[in-house]
Amino acid sequence: MKNHTPMILAVDFGVVRLTCGDGSTRIAVCSAGFLEVRDNELDAFFDFCRWEEDIESAKEEAERLRESERESLKAHRRNAVELARTVADISRATGKKFQ
């Protein structure tokens, strides 16, 4: 608001919606912090703040990492089974027991 009274406000965790000069809107998720209003300007200070598109790409990356981890675990299990079969085959062929 133009010519607003100067003030400092404490804010809690939440969503910030900014309307840019061209009319476009940007959304961010922010931690607790404070806002300062003075001289027709608003300054925002947060410990943590992420744009909406960054949150979406982080979610996608996390899902890719989880899928990679699942595939790695499956491969590990397949390799463990194959190793056990190989040890059993060698044991039968040589008559020796492996532990």
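Is Cys20 buried, exposed or partly exposed, and what is its relative accessible area? In this predicted model, Cys20 is partly exposed, with a relative accessible area of 32%.

**Sheet**
- An open sheet is built from 3 strands, which follow the order β2-β3-β6 with antiparallel pairing.
- Strands β2 (14-19) and β6 (49-51) are the edge strands, each of them pairing on one side only.
- From one strand to the next, the twist averages 30°.
- Strand β3 spans residues 25-30, and its antiparallel pairing with β6 runs over 3 bridges.

**Disulfide**
- The structure contains 1 disulfide.
- Cys30 and Cys49 form this disulfide, with their sulfur atoms 2.4 Å apart.
- The pair links distant parts of the chain, since Cys30 belongs to strand β3 and Cys49 to strand β6, 19 residues apart.
- Within the sheet, Cys30 stands opposite Cys49 in β6.
- Cys30 is buried, at a relative accessible area of 2%, whereas Cys49 is partly exposed, at 31%.

- Cys20 takes part in no disulfide.
- The nearest cysteine sulfur to Cys20 is that of Cys49, 13 Å away.

Key
Residues numbered from 1 in each chain as written. Predicted model: local features only at pLDDT ≥ 70, side-chain atom pairs only at ≥ 80, totals over all residues. Heavy atoms only, no water. Pairing = 2+ DSSP bridges. Helix = DSSP H or I, 4+ residues; strand = E, 2+ residues; numbered from the N terminus. Axes fitted to C-alpha atoms, helices over the stretch in contact; angles between N-to-C directions. Disulfide = S-S within 2.5 Å. Buried < 20%, exposed > 50% of the residue type's maximum accessible area, 1.4 Å probe, protein only.
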